[in-house]
Amino acid sequence: MLKTRIIPCLDVKDGRVVKGVRFEGLRDAGDPVEAAKAYDAAGADELCFLDITASREARGTLLDVVSRTAEACFMPLTVGGGVRAVEDVRALLLAGADKVAINTSAVKDPDLVARAAEKFGAQCIVVAIDAKRVSALGEAARWEIFTHGGRDPTGIDAIAFARLVAEKGAGELLVTSMDRDGTRSGYDLALTRAISDAVGVPVIASGGVGGLDDLVAGVAQGGASAVLAASIFHFGQATIGEAKAHMAAAGLAMRLDASAEPRP
Amino acid sequence: MTGRTVAIIDYGSGNLHSALKAFERAAREAGLDDTRIVLTADPEVVVAADRIVLPGVGAYADCRAGLDAVPGMVEAMTGAVKEKGTPFLGICVGMQLLASRGLEYAQTPGLGWIPGDVGPIRPSDPALKVPHMGWNTLRAARPHALFEGIPTGEHGLHAYFVHSFALTPERPADTVMLADYGGPVTAAVARENVAGMQFHPEKSQQLGLALIANFLRWRP
């Protein structure tokens, strides 16, 4: 039986983890490779790096981080941020990413998704959708795509966009509620559910996790195949093992076999 | 008397370094210190190797084209496998390339070593998403040396899958492992000295390292 995935997400800037990861025994809290090793050992099902480096020139730094992570960890790795062309996808895959997330560029040019999927297979192309609720209270719920960290509205309906990129060949959608991101008030479950119901590809719920019940709700109510969280794991509020145990106790199918594996 | 050189074929398909590192670690942990793992695009190295690994990430037609673009590589692989009996492991699209043909985007001929087609996964339950992505358990179709000592079944270890297409062998005996995803999905195939894994052993942690160690000791 296929299991629900838990995916810790690290924001990376200029090759360093933004705000750091507070784990016991971590020599360098800002080193993405160290953090990745710790999550690998903790039994995370996948890992996600989102690069928020502003400059194009620093691209080599990201590739180096990806390459060192892939050498040290045997867990699947998704990398996103600043992916603008098929060549960017290729560079990340060759560096060791298993999947590449495309965000703003997919909004500007949905055919980039098709070109990348045809070249590398749909299974490694993730489209990251940042959406905000734009309907007024009492209206039927409606969400719009926002770019640039939630600043710039596009006028594009999030559900229609999700359908479009899935048709173009996205193998997975990373759906982040920009209303909830950083609020710790839980995923926007209606958004997650609406997109999951609209497409045939797996959806990762993201944005707003405040506690372990939010992870359960993302799957049970949101219909997500995987749940992504950052701060609850980075700052030690919960371990991956605790999150898995909690979700399993709630009746979700979880992979419990790897958490105790010692790492040399 | 262990296999001394393992050639991982480099034909421009992604993520070779994780495969290299996983094989190196599995060899080290299995005490096979005399085993050398090399990434190579050189057909002569492949012919001379004691074991051959064909990884593969990407679209079927693109991987086939990449393999054909390395002069002499398909001939070298075929000679080693068919004449020398070199143990061979295909991973993901590298496993799918063992089939007669792939039906992803276009119809593309495979190597034909495990006769059958690679077609889209169609789970019987429409709520199940495609790609089949993530960690699934395995169900044995028949015992095989590559899975010796690896717990399978509903309470067994997990393998990491990420694919939208799957190989259906014409000969049922070629299927070694299945995954359940709205019906059976071929997870591992084997025939004589040729084996293929749909999942990624290099990403499958305990199960993956155990499987790679078994491959390094395999005497088909």
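Five bridges tie strand β7 (residues 116-120) of chain B to β11(B), and the two run antiparallel. The model is a predicted one, with local features needing pLDDT of at least 70 and side-chain atom pairs counting only at pLDDT 80 or more, while totals for chains, interfaces and linings use all residues. Residues are numbered from 1 along each chain as its sequence is written, and chains are lettered from A and ligands numbered from 1 in the order in which they are written.

Back to that strand: B:Val118 has B:Leu167 as its bridge partner in β11(B), and B:Gly102 stands opposite B:Val118 as well. The β5 strand (residues 101-102) of chain B pairs with β7(B) in the parallel sense, over two bridges. Strands count as paired if DSSP finds at least two bridges between them. Put together, four strands of chain B make an open sheet in the order β6-β5-β7-β11, with mixed pairing. Its edge strands are β6 (108-109) and β11 (165-169) of chain B, each of which pairs on one side only.

Most residues other than glycine have a negative phi, and most peptide bonds are trans. B:Val130 and B:Pro131 are joined by a cis peptide bond, with omega about 10 degrees, and B:Pro131 sits in the loop between β7 and β8 of chain B. B:Cys92 is not a glycine, yet its phi is positive, near 55 degrees. This cysteine is found in the loop between β4 (88-91) and α5 (93-96) of chain B, and B:Cys92 is buried, with 28 other C-beta atoms within 10 Å. Buried means that 20 or more other C-beta atoms lie within 10 Å of a residue's own; 12 or fewer makes it exposed, anything in between partly exposed, and C-beta atoms are placed from the backbone. B:Gln205, in helix α6 of chain B, likewise has a positive phi, about 45 degrees, without being a glycine. B:Gln205 counts as buried too, with 24 C-beta neighbours inside 10 Å.

Next, the interface. In all, 34 residues of chain B are in contact with 33 residues of chain A, contact being a C-beta to C-beta distance within 7 Å, with those atoms placed from the backbone. On the chain B side, α1 (16-29), β8 (132-137), β10 (158-163) and α6 (205-217) each give two or more residues. β8(B) gives the most, with six. That side of chain B splits into 12 nonpolar, 15 polar and seven charged residues. For this count Ala, Val, Leu, Ile, Met, Phe, Trp, Tyr, Cys and Pro are nonpolar, Asp, Glu, Lys and Arg are charged, and the others, Gly among them, are polar.

Turning to chain A, its secondary structure comes to 10 helices and 11 strands. The radius of gyration of chain A is 17 Å, close to the 18 Å from the globule rule for 264 residues, so the chain is as compact as a globular protein of that length. The radius is taken over C-alpha atoms, and the rule is 2.2 Å times the number of residues to the power 0.38. Buried residues make up 54% of the 264 residues in chain A.

In α10 (residues 240-249), A:Ile240, A:Ala243, A:Lys244 and A:Met247 are buried. Down the axis of α10(A) these buried residues fall within an arc of 100 degrees, so they line one face of the helix; the arc is that of the directions from the helix axis to the C-beta atoms. They pack against β1 (5-13), α1 (32-42), α8 (212-220) and α9 (231-234) of chain A. Just after α10(A) comes A:Gly251, with a positive phi of about 100 degrees. In α5 (residues 111-120) of chain A, the buried residues include A:Leu112, A:Glu118 and A:Phe120, and A:Gly121, following α5(A), has a positive phi near 95 degrees.

Finally, the largest nonpolar core has 170 residues, and A:Val100, A:Ile125, A:Ile129 and A:Leu173 have the most contacts inside it. α6(B) gives the most to this core, with eight residues. Such a core is a set of buried Ala, Val, Leu, Ile, Met, Phe, Trp, Tyr and Cys residues joined through C-beta atoms within 7 Å. Beyond its neighbours within four places in sequence, A:Val100 is in contact with residues including A:Val79, A:Leu93 and A:Ile125.

Conventions: Two residues are in contact if their C-beta atoms, placed from the backbone, lie within 7 Å.
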